[in-house]
Amino acid sequence: AGGLGLGVVKTWSTDTWQCQREFWGHGASIHHAEMSSDRMVLLTASSDLTAKLWDASTGKCRHTFGGDSYAVSDACLAPNALTVLTMSLVEPEFLGDNSAKLWSVDTGCCLRTLHFPLKLQYADFSPDGQTILAAMDDGSEQLICTATGNCTPR
């Protein structure tokens, strides 16, 4: 995927290097884009305070995950494609609150908001999608159960 800073994402053929599809709909810069492992959906995160889940074959937006007070600086899709994690990280280029939100792919609704006492550097799902590993700027890590939101220091 390319064109992230323009509010549009483009997917490209690795065989021909031709643009396959453009995904329009964000009102500001896009900070992150990732394709699902089955290449059926594309997930984007933007300064417009939203993340979007797109149908990769049609380019149509399936869900807009909103309600953040800050730019959505990162997002990831659970391997089972049932849950999205969005993050508002505190970085020099972002105003953020070190929060992350879990969203249902089926309904588009927020399942829970996770707050971190330290600066969150990165978070991602475990291979089974049941746990999130969150890395803090002091080198510590937390394991978070996606079903309950309970944290375990690691």
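By class, five nonpolar, four polar and four charged residues make up the lining of the largest pocket in this predicted model. That pocket has a volume of about 360 Å³, and of the 13 residues that line it, Thr11, Trp12, Gln20, Met35 and Arg39 lie nearest its centre. Strand S1 (8-12), strand S2 (19-24) and strand S3 (30-35) are the elements that each give two or more residues to this lining.

Strand S3 also belongs to an open sheet, in which four strands follow the order S3-S4-S5-S6 with antiparallel pairing. The edge strands of this sheet are S3 and strand S6 (61-65), each of which pairs on one side only, and the twist from one strand to the next averages 15 degrees. Between S3 and strand S4 (residues 41-46), which run antiparallel, there are five bridges. Methionine 35, one of the residues that lie nearest the centre of the largest pocket, stands opposite leucine 42 in S4.

| Residue | Relative accessible area | Class |
|---|---|---|
| Cysteine 19 | 33% | partly exposed |
| Cysteine 145 | 29% | partly exposed |

As for covalent links between cysteine sulfur atoms, the structure holds zero disulfides.

Conventions
Residues are numbered from 1 along each chain as its sequence is written. This is a predicted model: local features need pLDDT of at least 70, side-chain atom pairs count only at pLDDT 80 or more; totals for chains, interfaces and linings use all residues. Side-chain values use heavy atoms; hydrogens and water are left out. On a 1 Å grid over the protein atoms alone, a cavity is a set of points where a 1.4 Å probe fits but cannot get out, and a pocket is an open set with protein on both sides within 12 Å along at least five of seven lines; lining residues have an atom within 4 Å of a point. Grid points are joined across faces, edges and corners, and a volume is the space filled by probe spheres set on the points. Ala, Val, Leu, Ile, Met, Phe, Trp, Tyr, Cys and Pro count as nonpolar, Asp, Glu, Lys and Arg as charged, and the others, Gly among them, as polar. A disulfide is a pair of cysteine sulfur atoms within 2.5 Å. Buried means under 20% relative accessible area, exposed over 50%, partly exposed in between (1.4 Å probe, protein chains only). Two strands pair if DSSP finds at least two bridges between them. Axes are lines fitted to C-alpha atoms, for helices over the stretch in contact, and angles run from 0 to 180 degrees between N-to-C directions.
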